[in-house]
Amino acid sequence: MPLTPMDIYKLLPKTNCKKCGEQTCMSFAFKLLNREKKLEDCKPLFEEKKYEVQLKKLQEILKPLEKATETGLIVRSELCNGCGNCIVACPVHVERDPQGAGIGKGPRIKDPIYRIENGKLVIVNMHLCRRYGKNRILCVVCRENCPTDAISFLEG
Amino acid sequence: MICTGCSCLCEDIEILDSKVLNACEKGYKHISGFREPRTRNRVYGKEVDVDKAIESAIEILKSAKSAVIYGLDTTTLEAQRIAVKIAEKLQSYIDDNSSFCLGEFVEAILKKRIPSATLDEVRDYAYVLIYWGTNPYHSLPRHLSKFSYYPRGAKRNRGYDEDRYLVVIDVRRSEIAKLAKKNAKFIKVENDLELIESFEKALEGKAWKYDVAEIVREMKKADFNALFGGLGLKYGLNGNYKRFFDFVNGMNNFAPLYFIPSGFHANMRGFNETLFEEVGEVNKFSFRERRSDSQFSFSELVKNEKVDTALIVGTDPIASLPFDVSKKLLKVRKIVIDPKDTLTAKNAEVTIASAFSGIESGGEMIRSDGVRIKLEPIEKAEIDDVYILKRILEGL
């Protein structure tokens, strides 16, 4: 199940104390998920004892965020069998490497987004991804074509 | 290098800084992880040198009343040719795994009963891709990404969601069935023969048990469609191969449909073609009677106690065949040529340590679609299958 801002909001103090600099706890939850804010910015959560249980739960559900790349990508390599569907389907690979990944072979360009190393998918160069940078689009082609759901994104 | 992990024989594998690039998990394990434990040259459990082991093997083969040569699916064409010569010399039986794998389909292709194409043609031209009774996620992991659904081909360059139509036919929702989303169809099949009937009725414009009208409509649009058949199809047909071949040929009157068997050992098709070139049959052949018969398949021969000696090359029948076969195989004298210390090698009278084809020794293999591929080994072993079999042939 992907993590939603609502899941985070439910565990926050919900007092809208504005100590984090945000107007509401809900907007803090959004920024937390986008990794623009850190959990430590919510002062009451750490200072007041009554939030102890909530804090522990929050730290647990936010753990996958640390593993995710800047584009929100999470690769669970224990599920990957190296079929390479994601590499060949990726529109960026097709455009930049038409004679390699575009026709099903291993990528021939120097820094592809993905590569299969030792039978598992590894992220080589996230900067090429369409999800990266200011004008990003929420492309999910690699996730859609993974037969084992080894690829996931933070937003689901 | 060429990966010999499955019959895809991927040629784009690279080794960089001790990392294996581009190979799937199956190929990576084949190249790096599955090579241990190595076998030793043994005669009746005693470790000997290779010359002594080969001599003992020749003695046993010479004294055999009825011998069988079995396996050979993971070795090279060169070794297979010598093995066929040994079988001819001994007037013995010869068989490989294709007798219970996809041998019937390869035979039909070689005897030109059904049209077939190469996987490169599939990549360039195919529109409808039917996976029938096969799950390449396990058997040929890179099949979809390298040859069929995902790559952009010469005439199919708009990507999988526009220029391909994927059909998955299986008894369960397999991993690749999950990929059948847009422009695709998954059929959960209970009876393969009824599905064939449904296709034939759909051609006449009638509805039948399975809803295949859309697939037929899509097939008629294109000038190249491919059908990949696996073991699920073979056993689903229940021996009615002719019914299936008639269906494929009948389909070709309306829309071109090419059949490619998918999912077997690296060089199983190579063995079928080698034997076909020599004797005109693909497997389960008896040189004494010069004919092929289902009674001459390895498991039948062992079960019916028709053989007293078996020369087993690169396979592990005691571990992989049913218990009633492997139990009887223990009574047969076994000469095993294998690089790995398998259960059969441990129980054999003579074991000869060999090399991994494609990794430690070169040669040629045939891909599942019939394309010959020259292996590029990364190491060079002195003693390989060709060397051992050649010496056995000379000794005989």
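Modeller: Before we start, two strands count as paired if DSSP finds at least two bridges between them. Also, keep in mind that this is a predicted model.

Colleague: What is the order of the strands in the open sheet of chain B?

Modeller: There are five strands in this open sheet, with parallel pairing. Strand E9 (184-188) and strand E11 (257-261) of chain B each pair on one side only, which makes them the edge strands. From one strand to the next, the twist averages 15°. Reading across chain B, the order is E9-E8-E7-E10-E11.

Colleague: And at what angle does helix H10 of chain B run to E7(B)?

Modeller: Helix H10 takes in residues 213-221 of chain B and lies across strands E7, E8, E9, E10 and E11 of that chain. Relative to E7(B), which spans 128-132, helix H10 of chain B runs at about 135°.

Colleague: Over to the contact with chain A: which element gives the largest share of chain B's side?

Modeller: The contact takes 28 residues from chain B and 22 residues from chain A. On the chain B side, strand E2 (19-21), helix H1 (25-33) and helix H7 (143-146) each supply at least two residues. The largest share is four residues, and it comes from H1(B).

Colleague: How many charged residues are on that side of chain B?

Modeller: By class, the side of chain B that touches chain A has 14 nonpolar and three polar residues. The count of charged residues there is eleven.

Notes:
Residues numbered from 1 in each chain as written. Chains lettered and ligands numbered in written order. Predicted model: local features only at pLDDT ≥ 70, side-chain atom pairs only at ≥ 80, totals over all residues. Axes fitted to C-alpha atoms, helices over the stretch in contact; angles between N-to-C directions. Contact = placed C-beta atoms within 7 Å. Nonpolar A, V, L, I, M, F, W, Y, C, P; charged D, E, K, R; others polar.
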